[in-house]
Amino acid sequence: MSVPKKRRTKSSVKRRQSHDALKKINLSKCPKCKQPVLSHTVCKNCGTYKGRQVLKIVDSKNRKKEKEKEKEKERKKKKKEKK
Ligand SMILES: [Zn+2]
């Protein structure tokens with residue numbers, strides 16, 4: 001393992017670290033549901049982008065049902081492949 005040749009002074013460390021601070025992210029509001037959203041990304045709350053519906057939003061209650069439906073579809077596909 002390599003070993004540092006000289007001790008780094010407090011000031012040189014702090015000088016390097018002066019650029020390490022995290023910047024605040026710029027959040028805009030979703031025009032439909034008014035939730036904070038990253039710009040140029042789809043709103044995760046309502047699934048719209050630029051006023052268009054892009055994602056299917058499933059309630060937490062219906063999530064299990066949707067998953068079961070998808071599983072059944074996959075089973076049917078596999079059956080077809082076997083034939
Ligand atoms: Zn939204």
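Reader: What makes histidine 40 count as exposed?
Author: Its relative accessible area in this predicted model is 72%. The rule, worked out with a 1.4 Å probe on protein chains only, is that buried means under 20% relative accessible area, exposed over 50%, and partly exposed in between. Histidine 40 is therefore exposed, at 72%.

Reader: Where is histidine 40 found?
Author: Histidine 40 sits in the loop between S2 and S3. Helices (H or I, at least four residues) and strands (E, at least two) are DSSP runs, numbered from the N terminus. Histidine 40 also has a positive phi of about 65 degrees, although it is not a glycine. Most residues other than glycine have a negative phi.

Reader: Which loop holds lysine 34, and what is its phi?
Author: Lysine 34 is in the loop between S1 and S2. Its phi is positive, about 65 degrees, and lysine 34 is not a glycine either. With a relative accessible area of 55%, lysine 34 is exposed.

Reader: How do you know whether asparagine 45 is exposed or only partly exposed?
Author: Asparagine 45 has a relative accessible area of 42%, so it is called partly exposed. It belongs to the loop between S2 and S3, and its C-alpha atom is 9.7 Å from that of lysine 32, 13 residues apart along the chain.

Reader: Which atoms coordinate the zinc ion?
Author: They are the SG atoms of Cys30, Cys33, Cys43 and Cys46, at 2.2 to 2.3 Å. Donors are N, O and S atoms within 2.8 Å of the metal (3.2 Å for Na, K and Ca); water is not among the atoms, so sites may look incomplete. Along the chain, the donors follow the spacing C-x2-C-x9-C-x2-C.

Reader: Why is the arrangement around the zinc ion called tetrahedral?
Author: Four donors count as tetrahedral if all angles lie between 85 and 135 degrees. Around the zinc ion the four donor atoms subtend angles of 103 to 115 degrees, so the name tetrahedral applies. The ideal angle for four tetrahedral donors is 109.5 degrees.

Reader: Is cysteine 43 buried or exposed?
Author: Cysteine 43 is buried, because its relative accessible area is 3%. Cysteine 46, at 12%, is buried too.

Reader: What is the volume of the largest pocket, and what lines it?
Author: Its volume is about 170 Å³. On a 1 Å grid over the protein atoms alone, a pocket is an open set of points with protein on both sides within 12 Å along at least five of seven lines, and lining residues have an atom within 4 Å of a point. The volume is the space filled by probe spheres set on the points, which are joined across faces, edges and corners. The lining has 15 residues, and Pro31, Val37, Thr41, Tyr49 and Lys50 lie nearest the centre. Strands S1 (27–29), S2 (36–38) and S3 (48–49) each supply at least two residues of this lining.

Technical notes: Residues numbered from 1 in each chain as written. Predicted model: local features only at pLDDT ≥ 70, side-chain atom pairs only at ≥ 80, totals over all residues. Heavy atoms only, no water. Tetrahedral: all angles 85-135°; square planar, octahedral: opposite > 155°, others 65-115°. 1 Å grid on protein atoms, 1.4 Å probe; cavity = no way out; pocket = protein on both sides within 12 Å on 5 of 7 lines; lining within 4 Å.
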